[in-house]
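Let's walk through this model together, moving from a few loops to the spaces inside. Please keep the sequence and the 3D view at hand as you read.

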Amino acid sequence: MTQLVSQSLHPRDAQTSVLRRDPYYDNAKLLAVVLVVCGHFWEPLIEQPGQRHLKALYLLVYTFHMPAFILISGYFSRTFTARPKQLRRLATGVLIPFVLWGALLTLFNNTFSGTHTKWQPLTPVWITWFLIALVLWRVSAPLWQTLRTPVTVATALFLAAGAFSLGAQLSITRVLQFLPFFVIGLTMRPSHLLWLRETRWVKGAAVTVFVVAGVAAYWLAPRLGAGWLYRSGSAAELHVSYTHWLVQSAAVYAAGLILTAAFLALVPGRDHWYTALGAGTMSAFLLHAFIRQALVHTHTYDHHVLHHPAGQAVLTALSIALALALCTRPVGQVMRPLIEPRLNWLFRPNGTSGNQVP
């Protein structure tokens, strides 16, 4: 998903350009998308009898993997000022793929399942919620940067969102409930991430945090519905009182923030054999959904082997291998017309606006 988190970069911003070449960020994006792929391949199994261990792992991953990715996206949106070139890249690299891949996923699911679900252009189809959310977050970035206390305001909006059933269009509930992570990233400085990356005791504490979180996730597995981690439901939609929703959502939010910090502290900072794959995470993010849905529609998850730890270990290994394979450059080059179409015919030359004085 490099295209997603780097849409706001501008060549004149020397500091951000350096950050863009830092292997740490490619490593973080790659690890995050690998977790996304694994989580999606685990999901059909987690509510099956005897799967407490797998659900615990799923809950642990879902507590932080999207918050981490959203925070990084916010961090790389710091230079977004809605210049024509930036808006053009946002449209071609995020908004148009949102529409295109939503249509493709709807067609794919209808073909495999034999159903006739109507495609709704403004209603995200599964994973495409993140694309439209990123559009809305990014275009609002200049506004957040003018506020005195942007994180406080974003958190207030997140907490208020639980009181209303806002519908599925534009995935507005998720946009609001994940908003604080984007705004935190937007307001972070390089020194903040440097402190997480290079402070030895922080790394040690991060390991402890994950151990404790793993134990907590195992305890919570029979007690907590995964829907709380999707951030897509109001109090009414989760069938609880608003007070209950506030307390539980605040706890999930705090856990996500702590685990995100721990994750960012543990991400390798050096260039490794896999680092270059961080440039192709958008391909993995979009393409793996079709393979996962094909397994669901062909009832592959009904096989008993996938209900045992050994089979799930193989599934996990194959999920990781698939994510890495889909991040490779050849896949990205083949998929580029669908992931980041140029559409020069649609825009004015050189990203100029139409209201310039002649």
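Is alanine 82 buried, partly exposed or exposed? Alanine 82 counts as partly exposed because its relative accessibility is 35%, where buried means under 20% relative accessible area, exposed over 50%, and partly exposed in between, with a 1.4 Å probe and protein chains only. Before going further, please note that this is a predicted model, in which local features need pLDDT of at least 70, side-chain atom pairs count only at pLDDT 80 or more, and totals for chains, interfaces and linings use all residues. Residues are numbered from 1 along each chain as its sequence is written, and side-chain values use heavy atoms, with hydrogens and water left out.

Alanine 82 sits in the loop between H4 and H5; helices here are DSSP runs (H or I, at least four residues), as strands are (E, at least two), numbered from the N terminus. Its backbone is worth a look: phi is positive, about 65°, although alanine 82 is not a glycine. Most residues other than glycine have a negative phi. Arginine 231 also has a positive phi, near 55°, and is a residue other than glycine. You will find arginine 231 in the loop between helix H12 (227-230) and H13, and it counts as buried because its relative accessibility is 5%.

Now follow the chain to the loop between helix H5 (84-113) and helix H6 (129-139), where threonine 128 is found. Threonine 128 counts as buried, because its relative accessibility is 1%. Its side chain reaches the backbone nitrogen of valine 125 at 2.7 Å, a polar contact (a pair of N or O atoms within 3.5 Å; within protein, one must be able to donate a hydrogen and the other to accept it, and residues adjacent in sequence count only if both atoms are side-chain atoms). Leaving aside residues up to four places away in sequence, threonine 128 touches Phe98, Trp101, Gly102 and Leu105, contact meaning heavy atoms within 4.5 Å. Proline 121 is also in the loop between H5 and H6, but is partly exposed because its relative accessible area is 39%. H6 itself is mostly covered, with 9 of its 11 residues buried; among them are Trp129, Phe130, Trp137 and Arg138.

Glutamine 145 lies in the loop between helix H7 (141-144) and helix H8 (150-161). With a relative accessible area of 38%, glutamine 145 is partly exposed.

Next, the cysteines. A disulfide is a covalent bond between the sulfur atoms of two cysteines, taken here as a pair of cysteine sulfur atoms within 2.5 Å. The structure holds 0 disulfides. Cysteine 38 is in none, and the nearest cysteine sulfur, that of cysteine 327, is 12 Å away. Cysteine 38 is buried, with a relative accessible area of 4%, and cysteine 327 counts as buried at 3% relative accessibility.

On a 1 Å grid over the protein atoms alone, a cavity is a set of points where a 1.4 Å probe fits but cannot get out, a pocket is an open set with protein on both sides within 12 Å along at least five of seven lines, and lining residues have an atom within 4 Å of a point. Grid points are joined across faces, edges and corners, and a volume is the space filled by probe spheres set on the points.

The whole structure has 1 cavity of 30 Å³ or more. The largest cavity holds about 50 Å³ of space, and its lining includes Phe158, Gln177, Trp228, Arg231 and Tyr253. H13 supplies the largest share of that lining, 3 residues.

The second largest pocket has a volume of about 320 Å³. Of its 16 lining residues, the closest to its centre are Thr63, Leu220, Leu224, Ala251 and Ala255. H13 again gives the most, with 6 residues.
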